[in-house]
Amino acid sequence: MINDLAARKQELFPGRVVSCQTTDTGFLFQCDNGVQLALYVVTDKILRFRYAADGRFTEDFSYAIPPEQARREIEFLEFKEKPDHFRITTERLICTISKENAGVRILDRSGTLLSADEKGFHWEYEYETGNDIVKMSKQVQSGVHYYGLGDKPDNMNLRGKRYCNWGTDTYGYVKGSDPLYKNIPFYLELHQKIAHGIFFDNSFKSFFDFAAERADVTSFWAMGGEMNYYFIYGPTLLEVTQEYTRLTGTPELPPLWALGYHQCKWSYFPESNVKQIAQGFRDRQIPCDAIYLDIDYMDGFRCFTWSPQHFPEPQRMVRELAEDGFKTIVIIDPGIKIDPNYPVYTEALEKDYFCRRGDGPLMKGSVWPGLCNFPDFTRPDVREWWAGLFKGLIQETGVKGVWNDMNEPAVFEKGTFPDDVRFDYDGQPGTHKKAHNIYGMQMARATNDGVKRFAYPNRPFTITRSTYAGGQRYSSGWTGDNIASWEHLWLANIQCQRLSISGFSFVGSDIGGFIDTPDGELYVRWVALGAFHPFFRTHSSGDHGDQEPWSFGEQYMALAKSFIELRYRLLPYMYSTFWQYVTEGTPMLRPLAFLDQNDTDTYLRMAEFSLGDHLLVCPITQTGADGRWMYLPRGEWFYYWTDEPKTGGAEVWASAGLDRIPLFVRAGAVVPMYPLMQYVGQQTVEQLTLHVYYTEGETLSVLYDDGGEGYGYEKGQRTTRRFTVSGTGKALTLRQKIEGDYQPTYQTCQIILHGVPFAVDTLVVDGQTAEAMPVTTETGLTLPGVVVPAGFGEVKVS
């Protein structure tokens, strides 16, 4: 006798569409074999597709999409039935559904084909789990390029590769290692200079094949769950990422100090060592805002405890560090030591908060404390309990931020949890197969809730190693256990760009490498890159020697210090770029293709990236180099170090000894800078510097300010300054428009003029003549400048 279920290991497909029903949120297509397709018009640029193989949809639930996500009004929506297909038209898109097999084609309103199903939706029954392996395959058009997918340590363009999303503790990964820590099932596709994206919202282990197995087919599939994906139209790459980021949510603004320099090691202990490191920064006048405590600060690695030997008076130590400008960040892992004398363990045990195996026993696994149980962060009550545990660290001891590690989740020797571990999944119960990829995200969510609750009225700061799409709402991140090598410096650049365009901008790498020890040259080059990453932290394993900025000798210390100082001067630019990310969904780090997708020479470039609107960076990633060739996007640029003008659309040589990183400023930019400080809040900013770069034409810039701490900005205590620079061959005009009522501490701005091609004879500030004075910049250039009231409206230069 043949077991029908066992015999069903074959690909199954939708049948013929026999009806279409219009619903409040979209359209429901019914096939003659029971398959259903629900198509939702989310916006005029976003279409969502859900398929039910057995004719029944489960409850609609997603960790990626915020429940409060407001539905945007659809300006135009038209539905027509044709002899062989159904057609849905929005302001921007045309979508057809074939009656023959429910195949999907999507075009823009000019009729250009953007996406077409190959086999389209199909599935395969897996007897062992009872799940369907849900699959989607689409046609590959000639000349297509793929980007995104989170932290994959590989070439920027994904075409010709296959990847897996299954969060994994990959110690010492290398180029091409897969999978890694983060699970972001979102990619962008660029074809004929038109971009769209696909977000496959499925938390099971998933795979993406970008024309690797078959050159004319791209596919994605998951080992369970639902075929549920979003088509996101650009038409620019930047707009695709914006739409995806708005869909999955943006973070709150961080405290300004979180954008400063951070120092970390596994591990700084005892207290005397922590104090010595802190004093080392202040004595050498190297700016630093945060010092981290790794697992050795705990009592036997028990979370939410302090080692009585290493840190007998943590509250006093944290207070004394704070008095010297240091914010203390501590690590918290998910494993809770099995110990009947440990209150966190006994409370969770009593309230049944730990994950259980399929037959009922508690999940046990070994991590740093030894044998542990693990909270089920997919339960709202467990998240609430976990958040409450931070009262001691944050409110009572004064810790300013929390770092979540090992939350893939990782288990020594076994890798992760067994498949049969059960999770609540916010009322959608399932096994580890379903919950693995979102475990780290939900831990970070609970952690952020707790830090926010007890840090109030200040803002929270959290970091996570593992996450899922939408995890940017809860935490910053880093790229995991990298290696002190030139290849990993190259990978750090790629990974941070890729995460940024995948919605997760608040990211950086372990500067200098976590494993092994860099030499001074590699460390300085890495600090130079990290100065332009939103999360700026040195971290290393104590097994491999010291990795403070002064660990490599005076020469290298001075160089690293200069890049850290540059970062602190650039804080208002970095903070404004973060505000744009929060309010507009724009990635903070942007690959070249995002700057000009009409220039095909940008498609395969990887090293160059922009930070925000106006700074173009290209790290040096090989030893002994005194500069590098790099590609400048079309337009006019100035080399930051010399003010040498360059025309884009071509490769240029950027001379950069160890004291420089190739850095260009867009013509017409206004780049705000603070005076140098040793930590955020060390001194009152009495004067802001505005570096104004000449242009022929018109360029817009923005400066956002709200004090960098607290929640007054939610009540209107914020100011947005919008600058317009316009120039001709004989004149330059700077205009400022101010929105908002926040009054900054500075009353004046020092304007410094760069690249002006004429002698500055006349300066007129709001109708009043002013005198230009020579100013020496931090790069040693002497340029014309003028001090003006912070609220100026117009400055004319001729």
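Reader: At which residues does UniProt place the feature "domain: Glycoside hydrolase family 31 TIM barrel"?

Author: This is a predicted model, in which local features need pLDDT of at least 70, side-chain atom pairs count only at pLDDT 80 or more, and totals for chains, interfaces and linings use all residues. Residues are numbered from 1 along each chain as its sequence is written, and side-chain values use heavy atoms, with hydrogens and water left out. UniProt positions follow the numbering used here, feature names are shortened, and annotations may be inferred rather than shown by experiment. The unreviewed UniProt entry places this domain at residues 251-576.

Reader: How many residues apart in sequence are the parts that Glu 271 and Arg 316 tie together?

Author: The two residues form a salt bridge (a side-chain nitrogen of Lys or Arg within 4 Å of a carboxyl oxygen of Asp or Glu), with their closest N and O atoms 2.9 Å apart. Helices (H or I, at least four residues) and strands (E, at least two) are DSSP runs, numbered from the N terminus. Because Glu 271 lies in helix 3 (residues 271-284) and Arg 316 in helix 4 (residues 314-323), the pair ties together parts separated in sequence by 45 residues.

Reader: Is Glu 271 buried or exposed?

Author: Buried means under 20% relative accessible area, exposed over 50%, and partly exposed in between (1.4 Å probe, protein chains only). The relative accessibility of Glu 271 is 12%, so this residue counts as buried.

Reader: Which strand holds Arg 735, the salt-bridge partner of Glu 794?

Author: The side chains of Glu 794 and Arg 735 meet at 3.0 Å, N to O. Glu 794 belongs to strand 50 (residues 794-797), and 59 residues away Arg 735 belongs to strand 44 (residues 732-739).
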